[in-house]
Amino acid sequence: MRTISLIILYTALIAGANSALAENSNISALNQLRQGDMQKLVLHTEPKRVSNIPFLTENGAEKRLDDYKGRYVLVNFWATWCAPCRAEMPSLSTLQSTIGGSDFSVVTIATGRNTPAAIDKFFAEIGIGNLPTYRDPKQKLARSMAVLGLPASILISPDGHEIGRLLGDANWSDASALALLSSWIEQD
């Protein structure tokens, strides 16, 4: 019986090691694609579990990041008063239009004191119509995910793990961002 237990343990360790090697190989491949603003993207060698604290939809209903399991997600924490957020938002909109769909979504969450009216005005002023106007009014989700500044963009894998983070604004619709994200999505 002990021999069978050791065989099972050994098999599990090999599978885990192979999975970790594959994940590290994927990270290495993605690191090679980091050009321009994507050089600010930090890819984790160990995926991190994502918080399941709820945030609010446009209608005030609760939603969770776990609702996006099964797809790749770029979560962007932002605020209406944030100038870099205003500069970045059009590229997030273009990214959603370019590669968004059943496998990938850009999820924008205004954190802090951002009223629905202010969010709608912000999006209208810069011509955004394809991104969600979600809110994290008490910053519970942002705090639980260690978001210390805005904007902050977090890459989440289909299994619900954070695999990367970019602090500050970035051009998410330039060739390097599109190549990196497309490669990430195609790796699985």
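The structure is a predicted model, in which local features require a pLDDT of at least 70 and side-chain atom pairs count only at pLDDT 80 or more, whereas totals for chains, interfaces and linings use all residues. Residues are numbered from 1 along each chain as its sequence is written, and side-chain values rest on heavy atoms, with hydrogens and water left out.

The chain contains five helices and eight strands; these elements are DSSP runs numbered from the N terminus, helices being H or I of at least four residues and strands E of at least two. Read from the N terminus, their order is α-β-β-β-β-α-β-α-β-α-β-β-α. Of the 188 residues, 40% count as buried, where buried denotes a relative accessible area under 20%, exposed over 50%, and partly exposed the range in between, for a 1.4 Å probe and protein chains only. Among contacts in the chain with a separation of 6 or more, 73% come from residues 24 or more positions apart; a contact means heavy atoms within 4.5 Å.

Axes are lines fitted to C-alpha atoms, for helices over the stretch in contact, and angles between N-to-C directions run from 0 to 180 degrees. On the α2 side the contact involves Cys-85, Arg-86, Met-89 and Pro-90, and on the α3 side Phe-122, Phe-123, Glu-125 and Ile-126. By class, this contact of α2 with α3 comprises six nonpolar, no polar and two charged residues. Nonpolar covers Ala, Val, Leu, Ile, Met, Phe, Trp, Tyr, Cys and Pro, charged covers Asp, Glu, Lys and Arg, and the others, Gly among them, are polar.

The axes of α2 and helix α5, residues 175–186, come within 12 Å and cross at roughly 45°. Helices α2 and α5 are therefore also oblique to each other, and α2 passes α5 in a right-handed crossing. Here Leu-95, Thr-98 and Ile-99 of α2 meet Leu-178, Leu-181, Ser-182 and Ile-185 of α5. This contact of α2 with α5 has five nonpolar, two polar and no charged residues.

Cys-85, a contact residue of α2, also forms a disulfide with Cys-82, the sulfur atoms being 2.4 Å apart. A disulfide is assigned to cysteine sulfur atoms within 2.5 Å, and a search of the whole structure finds one. The torsion about its S-S bond is about 80°, so the disulfide is right-handed. Cys-82 is buried at 4% relative accessible area, and Cys-85 is buried at 0%.

Most residues other than glycine have a negative phi, and most peptide bonds are trans. Gln-139, in the loop between β6 (134–136) and α4, has a positive phi of about 60° and is partly exposed at 34%. In the loop between α4 and β7, Ala-146 has a positive phi near 60° and is partly exposed at 47%. Pro-151, in the loop between α4 (140–144) and β7 (152–156), is joined to Leu-150 by a cis peptide bond with omega about -10°.

Definitions and conventions
Parallel < 35°, antiparallel > 145°, perpendicular 65-115°, else oblique. Left-handed = near helix turned anticlockwise from the far one by under 90°.
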